[in-house]
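The report below is written for someone meeting this structure for the first time. Please look at the sequence and the model before reading on.

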Amino acid sequence: MQIPHEVTARPDTGLYNAKLGIWLFLASEVMLFGGLFSGYIFLRMGAEEGYWPHGLLNVPVGAMNTAILILSSVTVVLAWASLKMRKFAAYKLWMGISILCGAIFLIVKLAYEWPQKFEHFGAFIKQDALAKYEPMLGNRHVEEENKKPGHTKIDPRVEISGHLHEVEITADPAEKEKLEAFLHRHELEAKAEEHDAKLQVIEGKHLTPGVAEDLSKLPGVRLVAFQLALDPVNAAPDDAESDKPHFWYKGATEKIGKIEAEDVESWSAFVPKHSPYFAVYFTITGLHGLHVLAGVLIMLYFWLPIEGGANMFKRNPEHLANRVEVVGLFWHFVDLVWIFVFPIFYLL
Amino acid sequence: MSTAATTHAPDDHAHAHDDHHYDPGFWRKWVFSTDHKMIGIQYGTTGLAFLFAGFCLMMIMRWQLAHPGDAVPVIGGLLQAIFGSAAFQTDAHGHAGMLTADGYNAFGAMHGTIMVFFGIVPVAFAAFGNFVVPLQIGAIDMTFPKINMASFWCFFISCIFMVVSFFVPGGAMKSGWTAYPPLSIMADAGPLNHFIMNGQTLWGLGMVFNITASLLGSVNFIATIIQLRAPGMTWMRLPFFVWAQFVTAFLLLLAFPPLESAAVMQIMDRAFGSSFFMPTGLVVGGHPAHWSGGGSPILWQHLFWFLAHPEVYVLILPGIGMVAEVIANNTRKPLYGYKAMVGAILVLGFLSFIVWAHHMYMTGMGAKVAGFFQVTTIMISVPSVILVTALMLSLWGGSIRFTVPMLFATAFLPMFGIGGLTGIPLAFNAVDLYLHDTYYIIGHFHYVVAPGTIFAIFAGVYHWYPKATGRMLNEFLGKMHFWLSLIFINGVFFPMFLQGMAGVHRRWYDGGATYEQLITPVIHWNNFMSVSAFLLGAAQLPFIVNFFWSLVAGRKASDNPWDATTVEWDTPTPPPHGNFIKDISVHRGPYEYSVPGADKDFTPQTEAPKSDRPPGVGVAGPIATHPH
């Protein structure tokens, strides 16, 4: 049994089935991402002043990924055009480049951009403790700047961020064994604080915010303070350089800051629970990443010399061209989503 | 549009009828089938089973409402053994099986979810759409048979999630079928609960799969209707049921994805501690909640209702389509105002996307926004009234055959009318503020969906059962099923209006016993409604018996037992793989009944015009003048 119009277009609609199908699918995808983007707008408009971060992402890396995706959009069209002209070698080349571009995009995202955030520490300071951390926040400087006429408004600063260096804890001696096992497992060291015998300082190169969180959940353990290598904005809050986001991403400085746990509203790595910003960032880029992965896998399927893939060229080249056209439409949509994702997270 | 008669390309056509020896084997035929009829039957049986399960949940809740604090009689111990101590406890008399408050909330939430997403939509849209639409347009299958199979199995996975969620620690989700945060984020969350295996998270995952299934289905439906119409099947020759499914598929395609994104956000909030829907400064039980805050509970409501309002039309439009088919067939005359009905259903589909916030008047949205949604809500009643009025007028002057499907279809009209008309006051902000979350709302939408859509589904089952199985359903049992259902379903739902206007709240799990002084004049209805519900359950027994007994012992059905005109009756009964044993071409509109001068009172769409007169000339009736 052969379904009609699988390869040839139906005369009155001018479409073969899959082409109509993919456009319908993309219409629903627009609504899916539309739901997430409207979530972004809703959360951003509802965010209190200072609670929507700017300039946390690496713009050059994001721009490079954007360029890679746009390039792959061009090559996937060339792959389709090659098939239409029945040039098999050119098809393999262009499709191969498209697959490679998609893979590079994913690798950059998963091996570089995301892991960096999992290890970055941020702590929102309670409103009544903001004054205490003025040297790291510089809110007086912000106020003065905002009084200047014609000046772009700077949001008040409520968060201190950087690389977690060490944490101070108090521990119940009765639960000492569990703590030691934990420290051993994570290759951390504990030493007694000089001024206060009850305090222990935990440090080690594997002390990520996630490990600190697990540590704080151990029985009898209470977090007292964090020490971190400050991000530039907290290291030099009064510097005019800190007033606006930068094109070139700057990592944490050498300068160390200390935050008392009791002054902290909430703290975590730059993960979804950190703030609605990172929640929507990870959800949208994650869902987009899944789409990129799906696109790469499907293109790979059409590229490999298998039944239903590149081997179809000998039997029914027009059918293969149609398949590539359909995955190309999907791929363009995935690019288009990224064209929206890049400015709203990296630039705005 | 009228030039849509197609010429198949030669390479497509040659293969159309070459599988007389089609034998896919047991698994590919009955389980992993790509045949649209089998997928329709799979969707139908699964959906009917869920409808029954959802009904049983409701009966247990109705026992609790009428006899708060008493254990469920007879099966109470069994229920407690199955659902565990979160949902059932031992009552004051020492009998096991008293529904707890948590259990009541879980059953209520799951009743709504199951009835809407796992009962009505799979049966009315997926089952009937899959089985009937390709047959009615003269197609050999859906455009994408494998995707069709994937749709059903995706749906099946979502069913597993929902069923399993009853049996995880804490029980099924408890935050209402609308899953409003912050309750839906906090319930069964936290260190004592597994981050996936809890009722609410499983609900979210189940919805993601359910929505994916409906996406795959709706792409298939639209593509099939556009691409696979038989030669001569122009747009204005489509049976009205196909139009209804076409619009419904667009609603599912475009309205469901925002809920999918919302479900993903909810899972993120629950499993990864994000704050999409959790506001700043939330205090729970005297302690600050451990979410970072900054989110918005209203965001969920917008995303949810952006789906869930079009969803109402997803529930009702296939029903209206089925009723239209049954009415045209049994009045033996064309539908009144076919063109107006098509126009109305398209307008209705569009408007359904811009009325959603009338579910959210209580959020304090401000007069201007409320004003907009009041106006659109009133506007949408116009096409709805056109549809129902056209169906009523179709009865006028017909020589009606009161077959069992026709009884259900006729009863649908006033029942849906009650549901629709009681909705008009709710469109107004001021009235809604009073009636919001009362039993008036419950009565209103249940009249639309229960004696509305479910009656339409029954009409469809009795109408198309012979085509699917080759045997007729028993007429006497069918009539018994109809009359008892009609009486008792009104007994269940009509008193809800009285209770609701007196202020009875939909979430009181003791039936209002705590607030008895406030609702004294109406609280006695609880007992009446519950008894009606149990009798309604008993009234389904003739149907269940009929359904299975007729499979083996029903009267053998001919290919066209109802003397119908539409193309699905032009197949062998039951239709083989590939559906048609001859080439199908369509020559006339869908409802050429009682055409003056014709030799019988129905003229099938596939019947070629007599050679002595050109097509479309000398044939009376409003449809015969198409296409133009």
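In helix 11 of chain B, the buried residues are Tyr338(B), Met341(B), Ala344(B), Ile345(B), Leu348(B), Gly349(B) and Leu351(B), where buried means that 20 or more other C-beta atoms, placed from the backbone, lie within 10 Å of a residue's own. They cover an arc of only 165 degrees around the axis, which puts them on the same side of helix 11 of chain B; the arc is that of the directions from the helix axis to the C-beta atoms.

This is a predicted model, in which local features need pLDDT of at least 70, side-chain atom pairs count only at pLDDT 80 or more, and totals for chains, interfaces and linings use all residues. Residues are numbered from 1 along each chain as its sequence is written, while chains are lettered from A and ligands numbered from 1 in the order in which they are written.

Helices are DSSP runs (H or I, at least four residues), numbered from the N terminus.

| Helix | Residues |
|---|---|
| Helix 3 of chain B | residues 36-66 |
| Helix 5 of chain B | residues 101-136 |
| Helix 11 of chain B | residues 338-351 |

Helix 3 of chain B packs against helix 5 of chain B at an angle of about 155 degrees, with the axes 7 Å apart. That makes helix 3 of chain B roughly antiparallel to helix 5 of chain B, a term for angles over 145 degrees.

In chain A, Asn234(A) belongs to helix 8 (residues 232-235), and Asn234(A) counts as buried because it has 25 C-beta neighbours inside 10 Å.

Definitions and conventions. Axes fitted to C-alpha atoms, helices over the stretch in contact; angles between N-to-C directions. Helix = DSSP H or I, 4+ residues; strand = E, 2+ residues; numbered from the N terminus. Parallel < 35°, antiparallel > 145°, perpendicular 65-115°, else oblique. Expected span 1.5 Å × (residues − 1). Buried ≥ 20, exposed ≤ 12 C-beta atoms within 10 Å, placed from the backbone.
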